[in-house]
Amino acid sequence: MWRQVCARQSDAADRLAESAAIESANLRRVYTVRTGWRRRTTKEIHAVQGVTFSVERGELFGLLGPNGAGKTTIIKMLNTLLLPTAGSARVLGYDVVKHPVAVRQRIGYVFGGDRGLYDRLSGLDNLRFFAELYGVDPAVQRRRIGTLLDMVGLIGRERERVEGYSRGMRQRLHIARGLLNEPEVLFLDEPSIGVDPVAARDLRAIIKELAAGGTTVLLTTHYMAEADELCDRVAVIVAGRFKALGRPADIKASVVNDQVLEICARSVRDVHLDALRRLPGVRSVGVDNHSDGASVILVRADGTSNFHASAIRTLNDLWIIRVNTRQASLEDAYIALMSPAQGTGIGTQTSPVGPL
Amino acid sequence: MTTRPGRVIRFTLVGLRTHLLYMSRSVTTVLFTIATPVLYSLIAIYLSHAATHPARVIQASVAAGLMGIWSSVLFQSGTAFQRQRRLGVLELIVGAPTPILLALFPITLATAVIGAYAMATTVFCAVVFFGASITPFLSPLFLAAVLVCIVTLGFVGVLMACSFIMLRNAYALVNTLEHPIWMLSGMMVPLSALPGWLHPLSWLLPSMWGTQAVRDSVVGGPVAVPITIALGTGATYLALAVFTVKRVERRALALATLTLA
C-alpha cells in the first residue's frame with residue numbers, strides 16, 4: 001500500500017527528461033573557525049573541495065567516507081541548509097541557492113540519531129505538525145500519515161510519547177516524517193547509525209522499497225555492507241574530495257584480484273604485524289582486537305602472490321584459532337582507498353563524473 | 001507551502017497546539033510560570049496594604065499576571081531557536097517550505113498562552129484568597145484585552161526569536177530584558193512613577209498599551225484606544241521581524257549556525 005506514497009506526481013514525470021535529480025558542479029564549502037579570546041585567530045576549514053557529480057532520477061546513490069570527510073556538508077548544501085562557498089548545485093533542476101523553496105517542496109531529509117523530534121509529544125502529533133510544516137494538503141494528511149505509520153511499522157504505537165520510543169522506532173518515525181510530503185528526492189544522512197541489526201535491516205528494506213517506487217535517494221553511511229546492498233552507485237569522499245565514484249562492483253573490482261586472509265589468533269603483538277607487512281605482495285595489514293584477548297588480523301595481498309604459507313609461518317609462535325580466506329569486499333576497497341599509498345588507483349574523480 | 005490565509009490560520013492553530021502541548025508537558029516550565037507571578041502578586045498585595053482594598057488586589061493580581069506573560073514570552077521566545085536547535089528540529093523547520101516567520105509564530109504564541117497560565121493563577125488567588133470580585137475578570141473587555149496582550153507579545157516574541165537566531169547564549173541577553181520591560185510597561189510600577197524622558201520608550205512597547213488595556217478593563221476605563229495602539233505597535237514589531245528574518249536566515253545558512261549547540 002505504501003508504495004503509493006512513493007508514486008511520483010505527474011509534474012515530476014513531465015520534468016523527467018529535463019534534468020538529473022541532483023547535479024553538483026565544483027561544489028565547495030569553507031567553514032571559518034575563530035579561536036582565542038585576546039588574540040583571535042581565524043582558521044579556514046575546507047570541508048568540501050570542488051565536488052562534481054550527478055544523480056539520476058530514481059537512483060540510489062551512496063556517499064561513503066570517514067567522519068569529517070564532508071558527507072553531511074554536501075547533503076546540507078543540497079537540501080538548502082547551507083550556502084555553498086563556491087560552485088553550484090541543482091536539485092530536480094532547481095538551483096539550491098536561487099530557488100530554495102522550490103527545492104524544499106520536493107525533498108525529504110532524514111538524519112540518524114535521537115534528535116529531530118518533539119520527544120514529549122506522541123509520534124502522531126509529531127507527524128501532524130510536520131505535515132502542516134511541509135504543506136501537506138489537509139484533505140490527504142490523515143490518510144497519508146496512516147499509510148506512513150503502517151509502512152514504518154508504528155501502527156499501534158503512534159499515540160505514545162516519542163521519549164519512550166527505542167532508537168529504532170525513532171528512526172522509523174524519522175523516515176515517516178521525511179516522506180510526509182512525498183519527496184521526489186530523499187536525503188538520508190546515516191539513517192542506520194546506532195540502531196540494532198534487526199532495525200537496520202528493516203530500515204534497509206524501507207529504503208529499497210522507496211527506491212523501487214521511484215524515489216531518488218542520496219544516502220550517507222559508514223556501513224559498507226549497507227552501501228553495497230542498497231546503492232546503485234557510490235562515491236567515496238575523503239577530506240572533501242571524491243576519491244572514487246562508480247558502481248559498488250566497479251569499486252570492488254579495484255581490489256577484486258586481491259586476496260584477503262583473516263587470521264584469528266591470541267597474543268598478537270606489533271612485531272607480528274610488522275613481519276606480515278614485510279612479506280612480498282602484502283598490500284595492507286589491519287588488526288581488530290577483541291575483549292576476550294583474541295585478535296583478528298586482516299591481510300590483503302596481491303592475488304598473484306602465494307603468501308598464505310609464509311603468513312602462517314610468520315605467526316608460528318602464536319596460538320592461531322582460525323584462518324579464513326575470502327574475496328575482497330566493498331569494505332576492503334574502501335579501506336584501500338583510505339590508505340594514502342593506495343587510494344588513488346581506481347575511479348579517481350574526473351570532473352564532471354557521469355553515471356557509469 | 002502556500003501562504004493562503006486559510007492555510008496560514010490552520011498552520012498557526014496546529015503549530016500552537018503542538019508547541020503548547022510540548023511546553024505544557026514540562027513541569028518545570030509550568031511551575032516556574034505560575035509560581036513566580038503568584039509570589040509577585042502576594043508581595044504587591046501586602047506592600048500596598050491591598051488586603052483591605054479589593055480594587056488594589058485586582059490591580060496587583062493583574063499586574064503580576066502580565067509580568068508572568070512577559071517573562072514567559074521573553075524567556076521562551078528569546079530562546080525558541082536555541083530550544084529547537086537543541087531538539088534537533090531547527091534544521092527541519094528552516095528546511096521546510098513554510099516561511100520561517102510563519103513557522104516561528106505558533107512557538108512564540110504558545111509562550112504567550114503559557115504566560116496566560118500566570119494570569120489565570122493570580123486572578124484565582126485574588127478571588128479565592130483575598131476576596132476580590134470575579135465579575136471584572138469575566139467581562140469580555142478583560143478577556144479581549146488579555147488576548148490582545150498575548151497576541152501582541154507573541155509578535156514581539158517573533159522579533160526576539162529572529163534576532164536571537166545567531167546567539168547561542170540568548171539566555172544571557174533575555175535575563176537583562178525582563179525587569180526593564182516590566183518597569184517600562186507599567187506592570188511593576190505606574191508609568192507616572194517613571195521619569196518623563198522614559199515615557200517615549202514606553203509608548204513604543206505593545207506591552208505598555210496591553211497593560212493599560214487590561215488594567216482599564218477591570219476598572220471600567222476606556223479599552224478601545226489602548227487595544228488599537230497595542231495591535232498597531234505589535235504589527236510594527238511583526239513587520240520588523242519580517243524585515244529581519246530573511247537576512248538572519250541567510251546569515252545562519254552562510255555561517256552554518258543552525259546546528260551549533
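In chain A, helix α2 is followed by T80(A), whose phi is positive, near 70 degrees. The model is predicted, so to speak of a local feature requires pLDDT of at least 70, side-chain atom pairs count only at pLDDT 80 or more, and totals for chains, interfaces and linings use all residues. Residues are numbered from 1 along each chain as its sequence is written, with chains lettered from A and ligands numbered from 1 in the order in which they are written. Helices (H or I, at least four residues) and strands (E, at least two) are DSSP runs, numbered from the N terminus.

Eight of the eight residues of α2(A) are buried, so the helix is largely enclosed by the rest of the structure; among them are K71(A), I74(A), K76(A) and L78(A). Here, a buried residue has 20 or more other C-beta atoms within 10 Å of its own, an exposed one 12 or fewer, and a partly exposed one a number in between, with C-beta atoms placed from the backbone.

The sheet of chain A comes next. Its four strands form an open sheet in the order β2-β1-β4-β5, with antiparallel pairing; two strands pair if DSSP finds at least two bridges between them. Because β2 (41-55) and β5 (94-95) of chain A stand at the edges, each with a single partner strand, one side of each is left without a neighbour in the sheet. Strand β1 (residues 22-35) of chain A pairs with β2(A) over 12 bridges in the antiparallel sense, and L27(A) stands opposite V51(A) in β2(A). Helix α2 (residues 71-78) of chain A packs on this sheet, touching β1, β2 and β4 (86-91) of chain A, and its direction makes about 115 degrees with that of β1(A). Such angles run from 0 to 180 degrees between N-to-C directions, the axes being lines fitted to C-alpha atoms, for helices over the stretch in contact. Contact between two residues means that their C-beta atoms, placed from the backbone, lie within 7 Å.

Chain B has 12 helices and zero strands. Of its 261 residues, 50% count as buried, and the C-alpha trace of chain B spans about 60 × 40 × 35 Å along its principal axes.

Finally, the two chains meet through 23 residues from chain A and 26 residues from chain B. On the side of chain A that touches chain B, α3 (100-104) and α4 (123-133) of chain A each supply at least two residues, and α4(A) gives the most, with five residues.
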